[in-house]
Amino acid sequence: MAFVAAGDITVHYELTGPSDAPVVLFANSIGTNFHIWDEQVKALGGRIRTLRYDMRGHGLTDATPGAYSMNMLADDALCLLDTLGIEQAHVCGLSIGGMMAQRLAVKAPDRILSLVLADTASVIGPPEIWQSRIEAIRAGGMASIAAGVMPRWFTSAFLESETERVRGYVNMVSRTSDAGYIGCAMAIRDADLRGDCARIACPTLVVVGEQDQATPLPQAEELIRAISNSQLKVITGAGHLPCVEQPAAFTDAVFDHLQTVGVVAPKETVRGNRNWHAP
Ligand SMILES: O=C(O)CCC(=O)CC(=O)O
């Protein structure tokens, strides 16, 4: 396990892959931790340098009290890059991680080379959803909301067939810090990144699970309209966490994007040399 002091927090992170390879920074969604990227890191780690971390308030990263903002979360990511001596990176962010990535690409355009914005939007609302969730956590703790979130994250097929894994995700949410989740929920509640989106210039892939209930396809289409240099990929058979529910399709989408932006060699070469989807 690796930890680094970045600004006012200690961040739990993992950096793997060849030291001279391009870096892809992976940012998690609310209520999760960096393990949502396990399959992508396993599949891509030999070709690129993968940097994943637990967002402020999540996993083993510090949870500070009070409201967070997308700007604060983007500063955390920049601080992590600075502390690890990484000048430039591609960024793949899911949901709040994708909101943070929108802010980051505008805040540091010379450092962010491309984006994968997965199951995210410029506004994830309405604010009342987040406010009532914050109040529910204050009243009953994280365990009181954990099971109710699952149908917003996973397809009914996954909920029915993957009961142990779903139980594990309920545990993941339940064990997230109250303060950390509330801080991030406030950041989502208060964020409107439409102005940032119009200013994103780097190549951007927008990915969405076709059955995403939290940030559905029309919101991904809005991102495509707002970001000039963007493409859309819909992942079938997935909800809000396609990196978990359809990991191979999600990894392929990220890989194709990295190929488009010139980070990795053509698919045939890579897949010819590696057992691409092997566990
Ligand atoms: O937990 C939900 O209901 C959806 C969460 C969301 O939209 C933001 C995120 O996953 O970071």
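## Ligand shell

Residues are numbered from 1 along each chain as its sequence is written, and side-chain values use heavy atoms, with hydrogens and water left out.

There are 13 residues around the ligand, and Ile30, Ser95, Arg133, Arg152 and His240 come nearest. A residue is near a molecule or strand if one of its heavy atoms lies within 4 Å of it.

## Polar contacts and burial

Polar contacts are pairs of N or O atoms within 3.5 Å; within protein, one must be able to donate a hydrogen and the other to accept it, and residues adjacent in sequence count only if both atoms are side-chain atoms. A polar backbone atom of Ile30 lies 2.8 Å from an oxygen atom of the ligand. For Arg133, an N or O atom of the side chain is 2.7 Å from a ligand oxygen atom. The side chain of His240 likewise places an N or O atom 2.8 Å from an oxygen atom of the ligand.

The protein buries 100% of the 320 Å² that the ligand exposes when taken alone (accessible areas by the Shrake-Rupley method with a 1.4 Å probe; for residues, only the protein chains shown count as cover). The elements giving two or more residues to the shell are α4 (127–140) and α5 (143–153).

## Backbone geometry

Ser95 lies in the loop between β5 (89–94) and α3 (96–107). Its phi is near 55°, a positive value in a residue other than glycine. The peptide bond from Gly125 to Pro126 is cis, with omega near 0°, and Pro126 belongs to the loop between β6 (112–118) and α4. Most residues other than glycine have a negative phi, and most peptide bonds are trans.

## Confidence

The average pLDDT (the predictor's confidence in each residue, from 0 to 100) is 94 for the protein, and 95% of the residues score at least 70. Residues 268–279 have a pLDDT below 50; beyond near neighbours in sequence, this stretch has 20 contacts in the model (heavy atoms within 4.5 Å). Where pLDDT is low, the predicted coordinates should not be read in detail. The model scores ipTM 0.92 and pTM 0.94.

Methods
Predicted model: local features only at pLDDT ≥ 70, side-chain atom pairs only at ≥ 80, totals over all residues. Helix = DSSP H or I, 4+ residues; strand = E, 2+ residues; numbered from the N terminus.
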